[in-house]
Amino acid sequence: MGSFLRILGIETSCDETAAAIVTREENGRGEIIADVVLSQLEEHSAYGGVVPEIAARAHVEALDTLIEEALARAGIGLREVDAIAATSGPGLIGGLLVGLMTGKALARVAGKPLYAVNHLEGHALTARLTDGIAFPYLMLLVSGGHTQLILVRGVGHYERWGSTIDDALGEAFDKTAKLLGLPYPGGPAVEKAALNGNARRFDFPRPLVGETRLDFSFSGLKTAVRQAAQEIAPVSDGDIADICASFQRAVARTLDDRVGRGLARFKSEFPNLADMPALVVAGGVAANQELRRTLQALCDKYGFRFVAPPLQLCTDNAAMIAWAGLERMAAGFDPDTLDIQPRSRWPLDATAEALIGYGKRGAKA
Ligand code: KG4
Ligand code: ZN
C-alpha cells in the first residue's frame, strides 16, 4: 500500500449521532475502518417526527463516547488521523452546532486540519467509496428531508437538475403512514402493508408527470390519500393495504417518469463516456424494494448502471462525511478555518434557485 490518508468523520445533522474512521489510498480506493451510528429513533417515535431540541441534547450526550468508540475500533488515537471532517449543514442547527463545535475542538487540540462537510455532498460521493465509480454520474437522493436529482460532475461540482417543490418523498411516506394509523417511520410500514394490497384500487395522482422540468411534487398525492381514506372510513386492514399499494404505485410511476427524463438528459449531455453511466441512489427511501425495481428497470432501459450502496451507507452515517472530507483533501481543497459556522440551509448547487417549499422542514437530508 502506498501513502494513504486517514480521517475522523462526525455526523449530527438530524437524528443519527455518528462517528467513523475512513482511509483513502492514493489510487482513490477508500476503506471504512470504523463506523459507529446511534439512532435516536426511539426518542422521537412518540412524536411522529424528529424533535430538534431532543435531537440536539441526544447528540451532546452521545457524541464523545461514539468518537472514542470509533477510534478504539480503529485501534488508533486522535493524533493518528490526518484530518477531521464534521457535517456543517444542511440540517437541524442544534445538532450541527454540537458536531461542528466538537470537530473544531478536536482539530484544535490535536493540531489537525478541519473539513466542514456538506451533508448532501456526503450522500453524493458515497458511491465512489463503495463502488469506485467515476465522474460524472447522476444521483437520486430520496430521504425524509430531501428529494433531489443531482448531476455529480466532480468533487465540489454539483448541478441540481430536479428537486421537490413541496414534501420530500420520505415525508410523503411518513405522512401517509400517520394518517392511516401506521407507525413511524412510515416508509417501512407502508411498504409492508402494500405487500398485501391491490395497487389498482385507487388511481392516485402522479404530480408533474409528463413535464419537461425534472422537479418532484408529493403533497397532492398525500392529500389524495387522505381523501380516499376519509371517503371509505372506517378503513379496514384490507383498505389500508390497498391504499398503501396504490400510493406506492403512484410514487413508482412518478419516479419512472421524472428519473427517466433525467437519464435521457444525462445521455444527451454526455454521449461519449468511456464507461457505462451510473445512476446512484441514496437516502432512507432507497430501502424500498418496489422503488428499487422501478429504478433498476429504468437503468436497464436507458443503459445505466444502477448503484445502490448498502443501506447503512444510504441512510445517515459518518463514513460518508469522512469520505467527503477525504475526497476534498485529495482534490486539493483547503481545510476550513475554525471560525466556520454551521448552516441549516446549504444547497449543494449554489446556483440553483430555491424552489417553493424546498428544504422547508430543514431537518433531514
Ligand atoms: O435517510 P433517512 O434514514 O433519514 C433522513 O431523512 O435523513 O430517511 C428516512 C426516511 C423516512 O422518511 C422513512 O420513512 C423513509 O426514509 N424510509 C422508507 C423506507 N425505509 C425508510 N420509505 C419507503 N420505503 C421504505 N422501505
Ligand atoms: Zn441524509
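Me: Where does Pro-90 lie?
Reply: Pro-90 is in the loop between strand S4 (83–89) and helix H3 (93–110). Helices (H or I, at least four residues) and strands (E, at least two) are DSSP runs, numbered from the N terminus. This is a predicted model, in which local features need pLDDT of at least 70, side-chain atom pairs count only at pLDDT 80 or more, and totals for chains, interfaces and linings use all residues. Residues are numbered from 1 along each chain as its sequence is written.

Me: Is the peptide bond from Gly-89 to Pro-90 cis or trans?
Reply: The bond from Gly-89 to Pro-90 is cis, with omega near -15°. Most peptide bonds are trans.

Me: And what about the bond from Ala-233 to Pro-234?
Reply: That bond is cis too, with omega near 0°. Pro-234 sits in the loop between H7 and helix H8 (237–269).

Me: What is in H7, then?
Reply: Helix H7 covers residues 219–231, and Thr-223 is found there.

Me: Is Thr-223 buried, exposed or partly exposed?
Reply: Thr-223 counts as partly exposed because its relative accessibility is 33%. Buried means under 20% relative accessible area, exposed over 50%, and partly exposed in between (1.4 Å probe, protein chains only).

Me: Which side of that does Leu-208 fall on, buried or exposed?
Reply: Leu-208 has 14% relative accessibility, so it counts as buried. Leu-208 is in the loop between helix H6 (186–194) and H7. Its phi is near 70°, a positive value in a residue other than glycine.

Me: New topic. How many helices and strands does the protein have?
Reply: There are 11 helices and 10 strands. The radius of gyration is 20 Å, close to the 21 Å that the globule rule gives for 365 residues, so the protein is as compact as a globular protein of that length. That radius is taken over C-alpha atoms, and the rule is 2.2 Å times the number of residues to the power 0.38.

Me: How many of the residues count as buried?
Reply: Of the 365 residues, 57% count as buried.

Me: How is the protein divided into domains?
Reply: Domain 1 is 4–125 + 312–330, and domain 2 is 134–309. The bounds come from an automatic or database domain assignment. The domain centres, taken over C-alpha atoms, are 27 Å apart.

Me: How many residues of each are in contact?
Reply: 18 residues of domain 1 are in contact with 19 residues of domain 2. Contact means heavy atoms within 4.5 Å.

Terms used
Chains lettered and ligands numbered in written order. Heavy atoms only, no water.
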